[in-house]
Amino acid sequence: MDKIIIQDLEVWYRIGVPDEERAEPQRLLLSIEMSHDFRPAAASDDISRTINYYAVSQRLLKLGEGRSWRLLETLAEEIAQIIRTEFGAAAAQVEIKKFIIPEARWVGVRIVR
């Protein structure tokens, strides 16, 4: 299956188990792989026959407005669902990097749906 990849899209979401952690948006990096058959788009040179990665990135940049999540796992599931239902991907891999532990470069989750 063909893939479009968005690597390390910087977003600012309210996320964390304690209320204090969700008080202010924090920086996350999202990496998304969207599987789709791109042969029809390539043959026609028609963006409507593929996944518009700009539209995906804009949707994800706005996803956190007025929202919060406790778990990265919940957020990753929601993003994968959006990619599949709103943008028609056959499958989605979502990786979220969070910068909350000072002694670690990052912590994160990765799911494939």
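Which strands does helix H3 (residues 72–87) lie across? The views below take up this and other parts of a predicted model, in which local features need pLDDT of at least 70, side-chain atom pairs count only at pLDDT 80 or more, and totals for chains, interfaces and linings use all residues. Residues are numbered from 1 along each chain as its sequence is written, and side-chain values use heavy atoms, with hydrogens and water left out.

**View 1. Helices H2 and H3 against the strands.** Helix H3 lies across E1, E2, E3, E4 and E5, running at about 145° to E4. Helix H2 (residues 53–63) lies across strand E1 (2–15), E2 and E3, and runs at about 15° to E1. Helices (H or I, at least four residues) and strands (E, at least two) are DSSP runs numbered from the N terminus. Axes are lines fitted to C-alpha atoms, for helices over the stretch in contact, and angles run from 0 to 180 degrees between N-to-C directions.

**View 2. The open sheet.** Its 5 strands have the order E3-E1-E2-E4-E5, with mixed pairing. Strand E3 (68–69) and strand E5 (107–112) stand at the edges with a single partner strand each, so one side of each has no neighbour in the sheet. Two strands pair if DSSP finds at least two bridges between them. Strands E2 (residues 26–36) and E4 (residues 91–98) pair in the antiparallel sense over 8 bridges; Leu28 has Lys98 in E4 as its bridge partner.

View 3. Val56 lies in helix H2 and counts as buried, at 0% relative accessibility. Buried means under 20% relative accessible area, exposed over 50%, and partly exposed in between (1.4 Å probe, protein chains only). Leaving aside neighbours within four places in sequence, Val56 is in contact with Ile6, Met34, Ile51, Ile83 and Phe87, where contact means heavy atoms within 4.5 Å. The C-alpha atoms of Val56 and Glu86 are separated by 9.0 Å, the two residues being 30 residues apart along the chain.

**View 4. The Tyr13 and Trp69 rings.** Rings of Phe, Tyr and Trp (its six-membered ring) pair if their centres lie within 6.5 Å; planes under 30 degrees apart count as stacked, over 60 as edge-to-face and the rest as tilted. The count by this rule is 1 aromatic pair. The ring centres of Tyr13 and Trp69 are 5.3 Å apart and the planes are at 45°, so the pair is tilted. Tyr13 in strand E1 and Trp69 in strand E3 are 56 residues apart. Tyr13 is buried at 0%, and Trp69 is buried at 4%.
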